[in-house]
Amino acid sequence: MNILIVDTSYNKLVVALKSHDRVAFRIIDCGMKKNNSLVLPTIDDVFDELNVGIADVDCFACVVGPGSFTGVRIGVATMNAFNDVFKKKLVSINALEILAYNIKGGSIMTSIDARHGNLYSAVFDEDYTHIRSLLCNTVADFDAFDGKKVMQDSEKYDIDAFIGVAEHKVNFGQFVETLKPLYMKDSQAEREYREKHNA
C-alpha cells in the first residue's frame, strides 16, 4: 500500500511517502507561511525518490491540527483536493496523537504550546489513537497531571511516530470522508464576524 502523509500544522513542513517497505520523507524547517509554496514540490520530491505517482497512492493522510489557521488549512485543503480527484482512502491525524505514539501504559497527556501560558492538550488511555478528552489548559495543569506527559518540541519531529500513527489508522480502517481542520484559534475573519454579529 502507498500512503502519502502531510503535516503543515506547525513550524515544519513534513511530508512522507510509505510505499510497502520503503519510506521517503522530508522535514523542512520553513515556517508555516512558506508551507503553501513548498508543499507540492516536496510531495513531488518523495514521489520521485520512490518512483511512485500520485495516482498510485492508496491513502492520503494529513495532520489536521491543532495548529495555526494558516498552517492547518494548507495541508487539509491540499489533501482534500487530492482525494476529491483520486477518490482514495483518507486518514485524519491529530498532532497530539503523534506525541503519544511511543508512550506506553497508563494515562498520557500530550500538549502543544498555544502561547501565553496556554496549551492545547489531549488525554489518552493506553491507545494513542483514542483521545479520552481534548482540552485547552495551562502549563500549571500540565505540570499537575498525574500520569505520563509529553510536550511538543519545536526543534524535533518524530518521523517514525508520524508514519506509525498513519499506518495504524490505515490498518484498523479508521478512515474519514473529508478532513476537518482543528485550529488552535479561529481565523481573524471568523473572530471579527463574531464580534460584529455578537455571536
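Author: Two strands pair if DSSP finds at least two bridges between them, and strands (E, at least two residues) and helices (H or I, at least four) are DSSP runs numbered from the N terminus. Valine 6 stands opposite valine 15 in E2. This is a predicted model, in which local features need pLDDT of at least 70, side-chain atom pairs count only at pLDDT 80 or more, and totals for chains, interfaces and linings use all residues. Residues are numbered from 1 along each chain as its sequence is written, and side-chain values use heavy atoms, with hydrogens and water left out.

Reader: How do you know that E1 and strand E2 (residues 13-19) pair?

Author: The definition asks for at least two bridges, and E1 and E2 have 6, in the antiparallel sense, so the two strands count as paired. They form a hairpin with 5 residues between them.

Reader: Why is strand E1 (residues 2-7) called largely enclosed?

Author: Buried means under 20% relative accessible area, exposed over 50% and partly exposed in between (1.4 Å probe, protein chains only). Because 6 of the 6 residues of E1 are buried, the strand is largely enclosed by the rest of the structure. Asn2, Leu4 and Val6 are buried on one side, and Ile3, Ile5 and Asp7 on the other.

Reader: Why does asparagine 83 count as buried?

Author: Asparagine 83, found in helix H2 (residues 69-86), has 9% relative accessibility, and the cut-off is under 20%, so asparagine 83 counts as buried.
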